[in-house]
Amino acid sequence: MRILYNYLTKISYIFLYGAGLISPKMRLFMQGRKGVFETLLKQIDENDKTIWFHCASLGEFEQGVPIIEAVKVLLPKYKIVISFFSPSGFEVKKNTSLADVVVYLPLDTRSNAKKFIEAVHPSLAVFVKYEFWPNYLFELEKANIPTLLVSGLFRPEQVFFKSYGSFMRKALGSFDHIFIQNESSKDLLAKLDITKTTMSGDTRFDRVSHQIEQDNTIEWLQIFKGDTLCIVCGSTWPKDEAVLLDYINASEGVKFVIAPHKIDERKIEAFRSKINKNVILYSELKSEGALSEASVLESAAVFIIDIIGLLTKIYSYADIAYVGGAMGKTGLHNILEPATFGIPVIIGKNFDDFPEAKRLQQLAGLFSVSNSEECTQVLSKLVKDNSFRSKTGMIAGHFINNNTGATKKVLAHIENLHRDGLI
């Protein structure tokens, strides 16, 4: 099976290269990997001690942040190396101050894995949530490098639990310890005789719980909102925007902030043209001219954020949040970011693979809608009933506070490894 896996991985180069000719994202995916080894050799000396964190994309990076921050305090003499699989992670965080080196992860061939591990020579490797690359894991195991999986989440439909999944089960068994989010994941791993596990929870709770302590001030957003109730719609896709549109157009005395997941000028303009209220864009705010006057901000009803990186702070101005991704099949985005500010959360209908959303729904701090009518009904109730909105938001805030602590469990394990001289 490993021979077949390695063959298919090498063959994938051809298809990925072809896709790069058409897709800008795939072009970044391929071009970004060209200079990885040169970067590593230039920035990591053979005498450096390093700790390697691997994240698939931006969401996994955010999960890893609390651990990275804690490790930098615990082991300040170690260089932090962060690798990404996806351009949506690397391109946003390639200059993060949390790392000494940030690179794309080369494709999972034997030669790449061996070369990468030799260049980084990590004392510890930490994979976040969903990344299982067999050749890298086998190479780490061969080199006796402690390897952890953090915020792991497992489901019966994954390949590890299928009759044909022996190769991937072997790779999964290469982890020295697995920190998992829930009891069902622990039970699934136990069936594979993988018992070096800790039920730690999700480090994202730790990550978002600190956000409320930060300075989230955005002056132009304060002017836009004023004393008006504000609904923030974060990480939206066209299917999310379609179910929100009727309520946006029919509502009175409410302001909306829309932060699309992808900044696509054509799609943003198409959505804007369907809104019958005064709409402004962030790019217009920052351009010279008309939007320098506070009166323009105050008179607008809808603010579209056509830039990446502001959403977490923007949620601090929300009275109600709609989180995108679950109306279609793209995957629900982070509901914990708005929930930490103690506000009600609304999502789409497809969220079976997101246990945090299911748990918050059970607690009545989150609402799932399937269509425009349901969305309008829920938003109307939350807008008109202050007591209901306040109670629902309180549930969301308590949900965050009651689920922090995953980082401490992971860090305690790393401290023990360091004390025992294993890293």
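Student: So how is the chain divided into domains?

Tutor: There's domain 1 (48-201 + 405-420) and domain 2 (216-402), with bounds from an automatic or database domain assignment. This is a predicted model, where local features need pLDDT of at least 70, side-chain atom pairs count only at pLDDT 80 or more, and totals for chains, interfaces and linings use all residues. Residues are numbered from 1 along each chain as its sequence is written, and side-chain values use heavy atoms, leaving out hydrogens and water.

Student: How far apart are the C-alpha centres of the two domains?

Tutor: They lie 33 Å apart.

Student: Switching topic: what's the strand order in the open sheet?

Tutor: Its seven strands run E3-E2-E1-E4-E5-E6-E7, with parallel pairing. Strands here are DSSP runs (E, at least two residues), helices likewise (H or I, at least four), numbered from the N terminus. Two strands pair if DSSP finds at least two bridges between them.

Student: And which strands are at the edges?

Tutor: Strand E3 (101-104) and strand E7 (197-199), each pairing on one side only.

Student: How many bridges join E2 to E3?

Tutor: Four, and E2 covers residues 79-84.

Student: Now Ser209: buried or exposed?

Tutor: Ser209 counts as buried because its relative accessibility is 13%; the cut-offs are under 20% for buried, over 50% for exposed and partly exposed in between (1.4 Å probe, protein chains only).

Student: Which helix is Ser209 in, then?

Tutor: Helix H10, residues 203-211.

Student: What does Ser209 touch beyond its sequence neighbours?

Tutor: Outside four places in sequence, Ser209 is in contact (heavy atoms within 4.5 Å) with Thr340, Ile400 and Thr404.
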